[in-house]
Amino acid sequence: MSENYKFFQHKECEFFPCHKTEDKEHFNCLFCYCPLYALGDGCGGNFTYTDTGIKDCSKCLVPHKPAGYDYIMKKFSEIVELTKKK
């Protein structure tokens with residue numbers, strides 16, 4: 001079974017790659033805007049907070065690595081919980 005849906009690369013994008021990496025060939029653009037951002041401290045990525053409290057993911061490659069799709073899918077139930085109507 002093909003798993004091509006897990007990887008997309010847009011080399012013509014003016015921001016490609018949007019993060020510093022030594023492995024451009026396997027840089028995945030599928031999650032251009034990371035859905036894990038909303039999980040704050042629970043995302044599992046390499047992030048920091050700015051002095052004003054904004055989450056800075058500029059050094060994180062979790063969604064852009066080959067295993068990023070599977071990792072995000074495992075965390076997706078946490079994102080769903082955030083969006084449930086209370």
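Me: Which residues line the second largest pocket?

Reply: Phe8, His10, Cys13, Phe15, Phe16, Pro17, Cys18, Phe27, Cys29, Cys32, Tyr33 and His64 do. This is a predicted model, where local features need pLDDT of at least 70 and side-chain atom pairs pLDDT 80 or more, while totals for chains, interfaces and linings use all residues. Residues are numbered from 1 along each chain, and side-chain values use heavy atoms, without hydrogens and water.

Me: What counts as a pocket?

Reply: Rolling a probe the size of a water molecule over the atoms shows where empty space is left. A pocket is an open set of points on a 1 Å grid over the protein atoms alone, where a 1.4 Å probe fits, with protein on both sides within 12 Å along at least five of seven lines; lining residues have an atom within 4 Å of a point. The second largest pocket has a volume of about 200 Å³ (the space filled by probe spheres set on the points, joined across faces, edges and corners).

Me: What volume does the largest pocket have?

Reply: About 240 Å³. Of its 17 lining residues, His19, Cys34, Tyr37, Cys57 and Pro63 are the closest to the centre.

Me: How many disulfides does a search of the whole structure find?

Reply: A disulfide is a covalent bond between the sulfur atoms of two cysteines. Taking pairs of cysteine sulfur atoms within 2.5 Å, the search finds zero.
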